[in-house]
Amino acid sequence: MNWDDTAPPTEDTAPGGPDRLVGADADGEDTAVEAALRPKDLAEFVGQERVREQLDLVLRAARARGATADHVLLSGAPGLGKTTLSMIIAAEMGAPIRITSGPAIQHAGDLAAILSSLQEGEVLFLDEIHRMSRPAEEMLYMAMEDFRVDVIVGKGPGATAIPLELPPFTLVGATTRAGLLPPPLRDRFGFTAHMEFYAPAELQRVIHRSAGLLDVEIEGDGAAEIAGRSRGTPRIANRLLRRVRDYAQVKADGLITREIASQALAVYEVDARGLDRLDRAVLTALLKLFGGGPVGLSTLAVAVGEERETVEEVAEPFLVREGLLARTPRGRIATPAAWAHLGLVPPQQQSGGSGQQGLFGP
Ligand SMILES: Nc1ncnc2c1ncn2[C@@H]1O[C@H](COP(=O)(O)OP(=O)(O)OP(=O)(O)O)[C@@H](O)[C@H]1O
Ligand SMILES: [Mg+2]
């Protein structure tokens, strides 16, 4: 593979674009197939053992009491299964689910309309709950705690608050940014599930399960190969599986082996660790042009021909998580793992270890 390819990305293959193969956010195709791939109950939900066990207890206990389950907050990176879990919660409680999101609730009145039409025991899934408006948030406090809302009628001095009783319901909030939630909101959830990135073995199970549902033949080694490149994220694993399936159909007999998976993902420029072209461009520039850093973000961005924000928000989080890049007050620096990953030798080692003093030097 040629990692030195410096041709500017074309419009539809722009690495930071919405169609990025290893992006964790859902694209149009994901949205269409995800419904079919979603586990339907806790037993089918792969991994997240702690969360599953805790949630199982919460739901079982509520069922045994014949009560509505406590409010649940799901926090975790995109594509880890928050929406899936919310649907599982409703299914396990045998309750209907209503789905909305923070940005969809512009005014407190929008929320009042939803809340007042809930049935007893219904699950209200509020995605991106950290993006709700302030007045709606305050209305939600009371609804969560007392199952009551004050509907304001009229404006100005003549406005009156009409209290409205709500049936007991379960709020399931999801957020990728739990830290952004105001404490009073966070405190009103009876249970918070922190979703972690998945281990490769768990992703392998996700891939086998999805392959079964998509009627794709895959060997254990083939699933392992895809799992290793999926960035700990089931959504990415499912997406890579679909692309590898295409390749296996066109270039082979449809069976996904390790060889086929790795050939396919080389074509799609997803490397053995799940880095794509943008990630590698950033690392390559950092190593080859700046000797591993430290270098400022703006300089690095110019060097790879991307916007600062793209480098900072699209490429860096995964590189940092993988321990390939570190953000320091003096700028970005590469770790020894970065040199190893790109098969390059750090300058200190080239010159015999004297001279320049690296942060991670011998
Ligand atoms: N534990 C799991 N087992 C099997 N499949 C999973 C699991 N978690 C997620 N998936 C699959 O990954 C895809 C994405 O999951 P989901 O939509 O629930 O993520 P999310 O956390 O809601 O993401 P976002 O933050 O973008 O809303 C779905 O197709 C789902 O089937
Ligand atoms: Mg979701």
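Asp215 lies in the loop between α7 (200-214) and α8 (220-228), where helices (H or I, at least four residues) and strands (E, at least two) are DSSP runs numbered from the N terminus. This is a predicted model, in which local features need pLDDT of at least 70 and side-chain atom pairs count only at pLDDT 80 or more, while totals for chains, interfaces and linings use all residues. Residues are numbered from 1 along each chain as its sequence is written, and chains are lettered from A and ligands numbered from 1 in the order in which they are written.

**Backbone exceptions in loops**

- Most residues other than glycine have a negative phi, and most peptide bonds are trans.
- Asp215 has a phi near 65°, a positive value in a residue other than glycine, and with 8 C-beta neighbours inside 10 Å it counts as exposed. Burial is defined on C-beta atoms placed from the backbone: a residue is buried if 20 or more other C-beta atoms lie within 10 Å of its own, exposed if 12 or fewer, and partly exposed in between.
- Glu269, in the loop between α10 (258-267) and α11, has a phi near 60°, again a positive value in a residue other than glycine, and Glu269 counts as buried with 20 C-beta neighbours inside 10 Å.
- The peptide bond from Gly293 to Pro294 is cis, with omega near 5°, and Pro294 is found in the loop between α11 (277-289) and α12 (297-304).

**Overall architecture**

- The chain comprises 15 helices and 9 strands, and its C-alpha atoms fill a box of roughly 75 × 55 × 40 Å along the principal axes.
- Of the 362 residues in the chain, 36% are buried.
- The chain is divided into domain 1 (48-194), domain 2 (200-267) and domain 3 (276-350), with bounds that come from an automatic or database domain assignment; the centres of domain 1 and domain 2, taken over C-alpha atoms, are separated by 36 Å.
- The UniProt annotation "domain: AAA+ ATPase", from an unreviewed entry, covers residues 68-199, and over these residues the chain is 30% helix and 27% strand, with end C-alpha atoms 33 Å apart.

- Among the 22 residues around ligand 1, Gly81, Lys82, Thr83, Thr84 and Pro234 come nearest, a residue being near a molecule or strand if its C-beta atom, placed from the backbone, lies within 6 Å of it.
- The elements that give two or more residues to this shell are α1 (28-37), α3 (82-93) and α9 (234-251), and the shell draws at least three residues from each of domain 1 (48-194) and domain 2 (200-267).
- By class the shell holds 9 nonpolar, 8 polar and 5 charged residues, where Ala, Val, Leu, Ile, Met, Phe, Trp, Tyr, Cys and Pro count as nonpolar, Asp, Glu, Lys and Arg as charged, and the others, Gly among them, as polar.

**Annotated binding-site positions**

- UniProt, in an unreviewed entry, places the feature "binding site" at Leu37, Arg38, Gly79, Lys82, Thr83, Thr84, Glu145, Asp146, Phe147, Arg188, Tyr198 and Arg235. They span 199 residues in sequence, and the farthest two C-alpha atoms are 36.6 Å apart, so they do not all gather at one spot.
- UniProt positions are given in the numbering used here, feature names are shortened, and annotations may be inferred rather than shown by experiment.
- Thr83, found in helix α3, is partly exposed, with 19 other C-beta atoms within 10 Å.
- Arg235, found in helix α9, is buried, with 24 other C-beta atoms within 10 Å.
- Asp146, which lies in helix α5, is exposed, with 11 other C-beta atoms within 10 Å.

**Helix α5**

- The 13 residues of helix α5 (residues 134-146) should span 18 Å at 1.5 Å a residue, and the end C-alpha atoms are 19 Å apart, which agrees; the expected span is 1.5 Å times one less than the number of residues.
- The buried residues of α5 are Ala136, Met139, Leu140, Ala143 and Met144. Seen down the axis of α5, these buried residues fall within an arc of 135°, so they line one face of the helix, the arc being that of the directions from the helix axis to the C-beta atoms.
- The face turned away from the buried side of α5 carries the exposed residues Arg134, Glu145 and Asp146.
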